[in-house]
Amino acid sequence: MTRRDFEAEAAWFARPGSARNGGPKPREAVWRVVAAMIGHWTLEGVGFWAVERSDTRAYCGRVGVWSPEGWPEPELGWTFTDGADDLAGAEAEAILAARDWAWRERALGPLASLIRPSDGRARRLAAAVGARMERSVKLPEAGLVEIDRHALPGEALRPSLHATHPGEGRA
Amino acid sequence: MTAPALVGVPELETERLRLRAPGDADFEPLAAFYASERSRFVGGPLLRGKVWRSHAALVGHWALRGYGWWSLEERTTGALAGRVGLFYPEGWPEPEIGWTLFEGFEGRGYATEAARAARAHAYGVLGWTTAISVIDPANTASEAVARRLGAAPEADWTHPEDGWSARLWRHPPPHVLAGETAA
């Protein structure tokens, strides 16, 4: 992500449509988030990519691995603007590309995604990329969230993962 | 996993200090600082999660602005003495020169020495024509550093989003400092 992406993010978070991503948010807050996402790469060796449409190169969101201090485990996360709304399945493609990279380059997986119960859009995207709801947890900052478990690249989710006791073997 | 080093950050040296890129190794000392009352003038105390995000944002600041905060090492011991930097997040009144010393490193002129090097970089390399420092009016130690740097109080300022207030100190412009060296 770069300074150019900040302007695109700030424009998106100034619009009412960003309510689906927790917006609208003031520019100051968006700047801090983008700065932290860039710094995240340096501190953790993983982070978020800006997502562009391959046809117009227009910014349409971010996807990546989020693993800040205090997070229960590395998370496959995403935020999409309305920039890809007309491209059916494009968001899922981006999420899967990030998931596959994390496994291939960082040996991270099967990754979790933390989803707010009220976020139907995130729930649908998680289902579209083959993730399954695993359990609910209450986090100090985010409150009650559902943890979805992704499949590893190239395979369907193994049933044995569902039999794992909550918390067992997890970072 | 070894995290990649932050690239493109110039390393500066003064008589007693090294200004180097901030990184993962700085987080624990920073978390300890922000757990202490010493951090009360710079937004603390803060929980670890908040410190981490603030640190990540300071690292990302370099990518967004081309300048940012350095970690401050004692050259003789390699110990992390604090940090100093050029700071201009969205919503800030103007680009700022900031400094923070960790416990045990005060009273030796380190903040002044480091801030002078940061300012010389801002004026000499980045082409800044002026600079401010944003200081809590209760932070008399930091005000003393500002005075030693030749800065003077100019106005009070309230952060547009967060609502806290501070005093803006104006540094002398480059031509007034002409001839001053980084050390």
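How are helix 2 of chain A and helix 2 of chain B oriented to each other: roughly parallel or roughly perpendicular?

Modeller: The model is a predicted one. In it, helix 2 of chain A and helix 2 of chain B are roughly perpendicular to each other, because their axes cross at roughly 95 degrees and angles of 65 to 115 degrees count as roughly perpendicular. The two axes come within 6 Å. Two packed helices are described by the angle between their axes and the distance between the axes.

The residues that meet at this crossing can be named on each side. Helix 2 of chain A contributes Arg32(A), Val34(A), Ala35(A), Ala36(A), Met37(A), Ile38(A), Gly39(A), His40(A), Thr42(A) and Leu43(A). Facing them, helix 2 of chain B brings Arg53(B), Ala56(B), Ala57(B), Leu58(B), Val59(B), Gly60(B), His61(B), Ala63(B) and Leu64(B). By kind, the residues of this helix-to-helix contact are 12 nonpolar, five polar and two charged.

The contact between the chains as a whole involves 25 residues from chain A and 24 residues from chain B. On the side of chain B that touches chain A, 13 residues are nonpolar, six are polar and five are charged.

The peptide bond leading from Gly23(A) into Pro24(A) is cis, and its omega is near -10 degrees. In chain B, helix 2 covers residues 48-65, and Pro45(B) lies in the loop that separates helix 1 (27-34) from it. Gly44(B) and Pro45(B) are likewise joined by a cis peptide bond, with omega about -10 degrees.

The setting of each helix may now be described, beginning with chain A. This chain has five helices and six strands, arranged along the sequence as α-α-β-β-β-α-β-α-β-β-α. Its radius of gyration is 16 Å, close to the 16 Å that the globule rule gives for 171 residues, so chain A is as compact as a globular protein of that length. Its C-alpha atoms occupy a box of roughly 45 × 35 × 30 Å along the principal axes. Buried residues account for 40% of the 171 residues of chain A. Of the contacts in chain A with a separation of 6 or more, 48% are between residues 24 or more positions apart.

Elsewhere in chain A, helix 4 (residues 120-128) shows how a helix can be turned towards its surroundings. Ala122(A), Leu125(A) and Ala126(A) are its buried residues. Viewed down the helix axis they fall within an arc of 100 degrees, so they line one face of helix 4. On the other side of this helix, Gly120(A) and Arg124(A) are exposed. The cover over the buried residues includes helix 3, strand 4 and strand 6 (143-149) of chain A. Just after helix 4, Gly130(A) adopts a positive phi of about 85 degrees.

Arg57(A), with phi near 65 degrees, belongs to the loop between strand 1 (48-52) and strand 2 (59-66). Arg57(A) has 8 other C-beta atoms within 10 Å and is therefore exposed, as 12 or fewer is the limit for that class. Ala107(A), with phi of about 55 degrees, belongs to the loop between helix 3 (90-106) and strand 4 (112-115). Ala107(A) is exposed too, again with 8 other C-beta atoms within 10 Å.

From its N terminus the elements follow the order β-β-α-α-β-β-β-α-β-α-β-β-α. The radius of gyration of chain B is 15 Å, close to the 16 Å that the globule rule gives for 183 residues, so this chain is as compact as a globular protein of that length. Its C-alpha trace spans about 45 × 35 × 35 Å along the principal axes. In chain B, 38% of the 183 residues are buried. Among contacts between residues at least 6 apart in the sequence of chain B, 53% join residues at least 24 apart.

Note on methods: Residues numbered from 1 in each chain as written. Chains lettered and ligands numbered in written order. Predicted model: local features only at pLDDT ≥ 70, side-chain atom pairs only at ≥ 80, totals over all residues. Helix = DSSP H or I, 4+ residues; strand = E, 2+ residues; numbered from the N terminus. Buried ≥ 20, exposed ≤ 12 C-beta atoms within 10 Å, placed from the backbone. Contact = placed C-beta atoms within 7 Å. Nonpolar A, V, L, I, M, F, W, Y, C, P; charged D, E, K, R; others polar. Arc of directions from axis to C-beta. Rg over C-alpha atoms; globule rule 2.2 N^0.38 Å. Axes fitted to C-alpha atoms, helices over the stretch in contact; angles between N-to-C directions. Parallel < 35°, antiparallel > 145°, perpendicular 65-115°, else oblique.
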